[in-house]
Amino acid sequence: MTVAPGAPTVALDTNTLEELARVICGDDHLYYRSTYDLVRFFENAGWLNVIDFDGESRADWTLDRLKERRSDPADMEKMLLRLADAREYFEDPQQLPNVVQAVNTFLVHDGLRLETPGGRPRLVVCDPSLGHPGEQTPVELKATMADIIADIRMAQLLQHRLDEARTCFAKQLRSPAP
């Protein structure tokens with residue numbers, strides 16, 4: 001099995017799994033998923049043999065599924081990427097940034113972050129210290145280059161360069177210091 005760069009290589013913390021279960025279920029005014037939608041979510045993430053509900057609460061069932069797969073980095077990455085995939089939110093697209101932000105607030109403690117440059121989700125390694133209050137967090141561009149630059153070709157070029165810079169920065173965080 002090949003694990004993509006940025007994929008969790010160690011099992012996520014139990015507290016992280018509990019928070020993921022909460023976000024996946026859609027509690028706290030996030031994107032609500034019914035029991036049927038929860039099974040479908042994991043299947044859409046590429047998980048095979050997802051166990052059907054047997055009367056548990058949505059949160060308990062979801063947490064159990066996450067705990068079962070926590071040692072499978074590929075499945076965990078697929079689930080996280082699906083959580084940040086715009087195709088998951090066709091009925092309520094404005095929920096996508098809320099979900100990504102909610103996940104990143106606790107995922108950072110495991111040294112990971114979800115990004116959606118160009119609309120495609122990716123999981124990147126980050127410095128866990130960025131999740132501690134009082135630490136300086138990176139500035140996030142809230143606009144696309146096309147919103148700022150009138151020349152479309154130049155905007156595309158600059159967006160590509162910005163994405164490259166983010167990738168280089170993420171790879172630098174993964175590399176051990178010399």
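What covers the buried residues of helix 5? Before the answer, a word on the model: it is predicted, with local features needing pLDDT of at least 70 and side-chain atom pairs counting only at pLDDT 80 or more, while totals for chains, interfaces and linings use all residues. Residues are numbered from 1 along each chain as its sequence is written, and side-chain values use heavy atoms, leaving out hydrogens and water.

Now to helix 5 itself. Helices (H or I, at least four residues) and strands (E, at least two) are DSSP runs, numbered from the N terminus. Helix 5 covers residues 95-107, and its 13 residues reach 18 Å from first C-alpha to last, close to the 18 Å expected at 1.5 Å a residue; that expected span is 1.5 Å times one less than the number of residues. Among its buried residues are Leu-96, Val-99, Val-103, Phe-106 and Leu-107. Here, buried means under 20% relative accessible area, exposed means over 50%, and partly exposed lies in between (1.4 Å probe, protein chains only). The cover over these buried residues includes helix 1, helix 4 (73-83), strand 1 and strand 2.

Leaving aside residues up to four places away in sequence, Thr-16 touches Phe-106, Leu-107 and Asp-110, where contact means heavy atoms within 4.5 Å.

Let us move on to the two strands. Strand 1 and strand 2 run antiparallel and are joined by four bridges; two strands pair if DSSP finds at least two bridges between them. They form a hairpin with six residues between them, and Gly-118 in the turn has a positive phi of about 65°. In a regular strand the side chains alternate between the two faces of the sheet. On strand 1, Leu-112 and Leu-114 point one way and Arg-113 and Glu-115 the other way, and all are buried.

Arg-122 is partly exposed at 23%, whereas Glu-115 is buried at 12%. The loop between the strands holds Arg-120, which touches Asp-85, Arg-87 and Glu-115, not counting residues up to four places away in sequence.

How many salt bridges are there by this rule? The count comes to 10. One of them joins the side chains of Arg-87 and Asp-85 (2.5 Å, N to O), and another joins Arg-65 and Glu-68. Arg-65 and Glu-68 both lie in helix 3 (residues 58-69), three residues apart, about one turn of the helix. An α-helix has 3.6 residues a turn, so residues three or four places apart point the same way. Arg-65 is buried at 6%, while Glu-68 is partly exposed at 42%.

Our last stop is the aromatic rings. Rings of Phe, Tyr and Trp (its six-membered ring) pair if their centres lie within 6.5 Å; planes under 30 degrees apart count as stacked, over 60 as edge-to-face and the rest as tilted. This rule gives five aromatic pairs. The rings of Phe-41 and Phe-42 have centres 5.2 Å apart and planes at 70°, so this pair is edge-to-face.

Definitions and conventions:
Salt bridge = Lys/Arg side-chain N within 4 Å of Asp/Glu carboxyl O.
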